[in-house]
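Colleague: I'm new to this one and would like to learn how to read it. Could you walk me through it, feature by feature?

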Amino acid sequence: MKNQKSKGKGQRVKGRHLLFFCLIVVACWLSFAFAESDWKQALPGYQFDFNRDHASHPEHKIEWWYYTGNLTAKDGHRFGYQLTFFRVGVDKQPQNPSRWAVRDLYMAHLAVTDIDSSQFKYAEKLNRAGVGWAGAETNVYRVWNEDWEAKHDDAKRTLLKAFDDGFGIEFTLEPGKAPTIHGESGVSQKGTQLGNASHYYSQTRMPTRGVIVMNGQRFDVAGDSWMDHEFGTSFLEKEQKGWDWFALQLDDGTDLMLYQFRRNDGALDSHTSGTLIDGAGKATKLSAKEFTLEPLAAWRSPQTNAEYPTKWRVKIPSRHLDLEVDATMKNQELITNGSTGVSYWEGAIVVTGTREGQEVKGRGYLEMTGYAGAAMGMVFE
Amino acid sequence: MNMRLFQQFILRHLFNERLRSVATILGIALGIAVVIAIQLTNSSSVRGFAAAVETISGKTSIEITGAGLGLDELKLRELGWLREYGFVSPIIEGDARANLANNQRETLRILGVDILKDRSIRDYKLQTEAQQNLTPTDFLTLLLDPRSIVLTEKFANKYGLTVNSQFTLTFGDKAEIFTVRGLLKNEGAARAVDGNFALMDIAAAQLAFNRLGRIDRVDVRLRDGVSLDDAEVAIKQKLPEGLNAQRPARRGRHVEKMLAAFHFNLTALSYIALIVGLFLIYNTVSISVITRREEIGTLRALGVTSKTILALFLAEAAALAIIGCALGLALGRLLSFGAVKLTATTVSSLYIAVAAAPPALSLKHFIIAFGIGLPLSLLAAALPALEAARVSPTAAMRGNDRLESRFRLRKLYWLTPLILLAAACFFAQQKSFGELPLFGYAAALSIIAAAAFFVPAGLFFVTRVGKHWLARFFNIEGQLANSNLAGAIPRIAISVAALAISLAMMVAIAVMIGSFRATVEYWIGQTLQADLYLRPATRSNVATDATISPEVEAIIRAHPSILAMDRFRNFDLPYEDALITLGAGDFAVLLEHGGLQFKTPREAEAKAAMRSAIGTNGVVVSESFTIKRNKAVGDEIKLNTPKGEVMFRIVGEYFDYSSDRGIVVMDRGTFAKYWGEQLPTSLTIYLKDGVNHEQTRDEILAALGDKYQVLIYTNAAIRNEVLRIFDSTFAITYALEVIAIFVAILGVASTLLTLILERRKEIAMLRLIGADKKQVRKMVVIEAAMMGGVSQSIGVVVGVLLSLVLIYVINVQSFGWTIQFRLPVLFLVQSSVLILLATALSGIYPAARAARMQATEQVVEE
């Protein structure tokens with residue numbers, strides 16, 4: 001709106017009154033349009049620009065930055081970690097001029113799995129932007145929640161930092177492979193309706209170094225991270241109960257992202273899909289028909305009583321891939337009543353299996369939602 | 001002690017003399033009741049405040065505050081390190097007025113919080129099933145709309161509100177419609193201020209209170225295992241300039257300190273009634289000793305030891321005192337409701353906005369009642385009881401051991417009062433003890449003691465002089481009354497002293513209040529020069545920080561009749577260990593139109609001094625500031641500002657009677673330099689010549705409409721308002737005094753009754769030699785009135801002396817106010833007449849008893 005006005009002033013044309021009238025019409029239409037549409041939907045045709053798309057997209061209602069990774073200390077001690085920043089739009093243009101007026105809510109989850117000692121610790125944060133206690137910048141990549149932070153340094157390396165009582169992480173991530181854009185035409189379709197989708201890309205193998213603190217003890221670690229960044233406005237539909245999401249990093253350099261939606265009626269959702277990224281970073285979309293995900297064994301959470309399949313068989317016949325995915329430890333459940341209110345399982349996994357008959361191994365992360373409490377479709381509607 | 005003896009000798013006697021017993025018990029009971037009532041009342045205001053602070057603070061261990069006006073919210077960015085210590089929650093807190101059905105109005109304590117943070121500090125339980133166990137996000141959603149509020153179940157039920165009900169809330173001067181989004185169960189913070197508590201989102205509260213950009217404080221709850229002492233010290237060190245860390249209870253202590261002088265004076269006053277009650281005990285026991293010397297003699301002859309006799313009379317006093325104390329406790333609790341009402345206006349208009357019911361009686365009050373009432377009663381009874389123990393058996397039985405009833409003027413009787421008066425002079429010149437005028441009270445007590453000791457001598461002179469005059473005006477009855485009194489000086493002295501002392505206190509307080517009122521009236525005339533005074537409708541006292549909206553200011557400025565306007569801002573500022581009021585006004589406007597009444601420097605120099613303060617760190621301070629803080633013009637004072645500690649120089653000292661806690665006023669420009677631009681809390685408006693004030697006021701009110709709620713006083717109205725508050729402040733004082741006088745008159749009546757009973761033979765003889773009932777009645781009534789007259793005469797003289805102590809010592813030391821002495825002659829004349837009438841009336845029942853005495857009966861007995 002401001003631009004329109006200054007343009008109007010810049011152009012010296014006859015019939016000022018007419019121009020003024022036009023401006024008023026445009027201004028009215030703009031404010032009307034804003035009030036009506038509120039949040040921008042993720043629509044096909046989106047062109048990613050990685051000079052800016054790492055940063056925040058406040059015109060969309062929902063956005064998250066997701067880091068997971070498997071790391072090893074010098075002495076061979078194995079760890080997994082997850083650090084997630086969420087932004088959920090609440091009121092695009094709050095009428096209250098107070099800094100505390102809530103435009104967005106910022107949530108963050110941190111989890112560290114000490115695989116060798118079977119310990120799992122997690123913490124969460126929830127803030128409004130307020131005076132800057134949480135936020136996400138739009139011009140450069142920096143997202144933070146209190147003193148947890150993810151940002152780019154000058155060399156486009158990602159710096160992660162998050163500590164809670166007695167545990168935490170501080171890493172530097174190299175970009176690794178070029179970003180992989182999921183879905184088609186710039187959107188990863190999640191629901192039947194147009195717009196029930198997200199703009200979704202990953203950096204699937206980011207060489208990572210840094211420090212993990214567990215029970216107050218410091219470990220110098222190295223390994224690979226996986227980063228997901230998604231933004232959109234409406235993701236799921238009510239019938240979608242939850243999803244199972246796999247991020248696998250195989251020893252042969254292949255990365256695999258697979259997710260399936262589970263519907264309330266138990267049927268498989270047609271929007272299930274995946275992406276296969278070869279060692280050079282070339283991505284191929286996998287449709288629902290091209291792979292199968294079969295639960296093999298389950299673990300029942302003593303806290304939420306939810307039953308999570310922690311062991312899976314993953315088959316991609318066209319690629320001759322036959323993998324078994326198993327949790328590094330059973331209890332990697334996050335109960336986040338203090339922020340999202342959602343309980344989910346997100347944990348480090350090990351991968352074994354064959355590719356074209358050859359043995360292949362790998363690591364990765366598995367996320368399972370919608371097993372406890374409300375359907376995810378109700379949460380991320 | 002022999003129980004049977006006690007029963008037969010003491011209890012039976014008390015029962016036979018039940019009128020006097022009842023009077024004594026009532027006297028003690030009233031004395032104790034007044035003391036307890038004042039204790040309860042005093043603790044109600046401080047406790048009400050402290051309890052509200054405690055309940056609302058929840059699990060807060062430390063709060064971060066700014067320099068009087070909260071803190072700039074951007075400073076929170078520098079406070080991220082606080083999270084190492086625990087949970088951190090920014091707070092907006094203030095009062096708003098709810099306009100409810102049937103024009104009912106209630107003050108609500110509003111807490112504006114970031115619910116995402118605050119649930120670590122306070123528990124909020126919502127009422128309905130669906131609203132329980134809300135996630136933080138759900139709870140936040142309830143509060144998101146800027147016109148959302150969560151009330152307590154208790155408040156909502158009282159006014160028939162439910163979820164989704166709408167009602168109008170006034171914040172400062174802004175009235176807005178709010179929607180109830182949830183109801184809090186009666187737990188945690190919701191219990192505060194008797195359920196008049198409401199929860200809002202911090203953003204909504206900022207908007208409503210006009211406090212965008214600032215927060216009132218930051219509550220910090222330390223992590224488990226972190227030491228409070230260590231954390232407090234560490235946090236204080238790390239805090240940037242202008243911020244302070246304190247425990248929430250400190251606010252309660254500030255208030256307690258602020259009210260200390262007011263409470264101390266009320267407490268001192270309350271003990272007067274008790275002292276008068278103790279005179280009654282002394283009186284009663286000595287009368288029962290006097291009237292029963294022969295019986296005592298018989299008992300002694302029968303082998304009862306003198307120790308037992310002593311014990312018997314002490315037990316009598318104890319019995320009376322125990323019943324009196326017990327009754328007093330119950331009565332005190334009842335009286336406290338009235339006392340709270342009487343003091344509420346003072347406390348809320350001068351100190352804090354807390355309307356609290358008096359607390360229930362606690363062990364402390366039982367200890368006060370019995371711990372003070374019983375020993376003092378025994379002490380009062382000790383003298384006559386010892387006297388009784390000394391009675392020699394044979395002499396008493398023979399009847400030639402009459403207690404001396406003739407009064408001889410010994411040196412003791414005039415020397416003691418003189419020595420006591422000298423002591424009073426000495427005490428009056430001592431400095432206060434802390435902020436409490438203990439020496440002032442010592443001086444007052446010395447004067448009272450002097451009066452008490454002087455009473456026998458006073459009665460002696462009066463009966464000497466009265467002989468002639470009474471005979472002349474009241475014939476034989478007058479003469480008889482005079483000689484009766486002259487013959488009974490040792491016995492009536494105590495009652496007269498008790499009455500004289502309570503009357504002296506009455507006079508002293510009347511003189512003090514009269515002088516004070518005259519001083520204030522003069523001050524109002526000098527100081528209140530503006531034509532209109534405007535304040536937000538919800539601003540009931542100096543302590544609330546209700547502000548005036550810029551919209552209101554604009555509307556007023558636009559009115560054509562406005563000549564000039566002073567935007568005044570004030571708020572509480574911690575100074576040393578107490579709270580003072582910091583004010584900021586437009587000195588230029590004040591110089592041109594206003595009329596601060598300066599103490600130093602005077603006249604033109606004062607104006608020059610004020611002018612010099614514009615643009616510099618000069619301040620003018622109220623007299624109570626200089627007196628209480630021991631400062632003078634020219635001194636520097638160190639104030640806490642958001643920019644750290646800053647030195648200010650006192651350029652002038654002005655008279656102010658609106659607050660006793662000390663006021664520091666600076667020019668708006670100086671103020672803005674340190675505190676930033678702030679909304680005013682009141683406006684002083686000067687109108688153009690020839691403009692109708694009332695009409696302008698009405699026009700402004702009409703222009704403001706319903707949206708803005710302000711009170712505008714015309715000059716005449718504000719003067720009345722100030723005097724109204726003044727008068728209400730002293731309502732409690734008069735109430736306490738009336739009780740003390742009532743107790744004293746009770747004493748006179750009971751003494752007279754005893755004298756009559758003792759003199760029944762004499763009266764019978766009078767009747768035999770021809771005196772009729774009417775004459776006997778007249779004689780007794782004259783005696784009563786004479787006792788009243790003597791009491792009042794001593795009372796007036798001593799009262800004026802006491803008033804000097806009150807005005808020049810106690811008042812200055814407790815409140816820091818200069819009062820010009822003025823004698824309220826009319827009041828003194830009126831009260832004297834009234835006291836004569838009242839004492840004469842108190843003689844009517846004894847007179848009737850005397851007149852009913854059958855001449856024959858008594859003489860036949862002989």
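Modeller: Here is a tour that goes from the chains to single residues.

Colleague: What should I know before I start?

Modeller: This is a predicted model, where local features need pLDDT of at least 70, side-chain atom pairs count only at pLDDT 80 or more, and totals for chains, interfaces and linings use all residues. As for labels, residues are numbered from 1 along each chain as its sequence is written, while chains are lettered from A and ligands numbered from 1 in the order in which they are written.

Colleague: How many helices and strands are there in chain A?

Modeller: Helices (H or I, at least four residues) and strands (E, at least two) are DSSP runs, numbered from the N terminus. Chain A has 3 helices and 23 strands. Chain B has 28 helices and 21 strands, and its C-alpha trace spans about 100 × 65 × 50 Å along the principal axes.

Colleague: And what share of each chain is buried?

Modeller: We call a residue buried if 20 or more other C-beta atoms lie within 10 Å of its own, exposed if 12 or fewer, and partly exposed in between, with C-beta atoms placed from the backbone. In chain A, 45% of the 381 residues count as buried. For chain B, 52% of the 862 residues are buried.

Colleague: How do I read contacts along a chain?

Modeller: Two residues are in contact if their C-beta atoms, placed from the backbone, lie within 7 Å. Take the contacts between residues at least 6 apart in sequence: in chain A, 57% of them join residues at least 24 apart. In chain B, 86% of such contacts join residues at least 24 apart.

Colleague: How many residues does each chain bring to the contact between them?

Modeller: Chain A puts in 22 residues and chain B 20 residues. On chain A's side, strand β4 (residues 119-128) gives the most, with 3 residues.

Colleague: Which domains does chain B have?

Modeller: The bounds come from an automatic or database domain assignment. For chain B that gives domain 1 (1-58 + 252-403), domain 2 (61-247), domain 3 (454-531 + 722-862) and domain 4 (538-708). Taken over C-alpha atoms, the centres of domain 2 and domain 4 of chain B are 30 Å apart. Between those two, 17 residues of domain 2 are in contact with 23 residues of domain 4. On the domain 2 side, β3(B) gives the most, with 4 residues, and the residues of that side divide into 4 nonpolar, 7 polar and 6 charged.

Colleague: What about a nonpolar core?

Modeller: That is a set of buried Ala, Val, Leu, Ile, Met, Phe, Trp, Tyr and Cys residues joined through C-beta atoms within 7 Å. The largest one here has 340 residues, and those touching the most other members include Val34(B) and Ile447(B). Helix α15 (residues 489-527) of chain B brings the largest share of this core, 25 residues. Leaving aside neighbours within four places in sequence, Ile447(B) is in contact with residues including Leu421(B), Ala424(B) and Val798(B).

Colleague: Which backbone angles stand out?

Modeller: Most residues other than glycine have a negative phi, and most peptide bonds are trans. Asn103(B), which is not a glycine, has a positive phi of about 60 degrees. Asn103(B) sits in the loop between β3 (86-99) and β4 (105-113) of chain B, and is exposed because 6 other C-beta atoms lie within 10 Å. Asn164(B) also has a positive phi, near 80 degrees, in the loop between α5 (153-158) and β6 (166-171) of chain B. With 9 C-beta neighbours inside 10 Å, Asn164(B) counts as exposed.

Colleague: Where is the cis peptide bond?

Modeller: The bond from Thr600(B) to Pro601(B) is cis, with omega near -15 degrees. Pro601(B) lies in the loop between β15 (598-600) and α18 (603-613) of chain B.

Terms used. Ala, Val, Leu, Ile, Met, Phe, Trp, Tyr, Cys and Pro count as nonpolar, Asp, Glu, Lys and Arg as charged, and the others, Gly among them, as polar.
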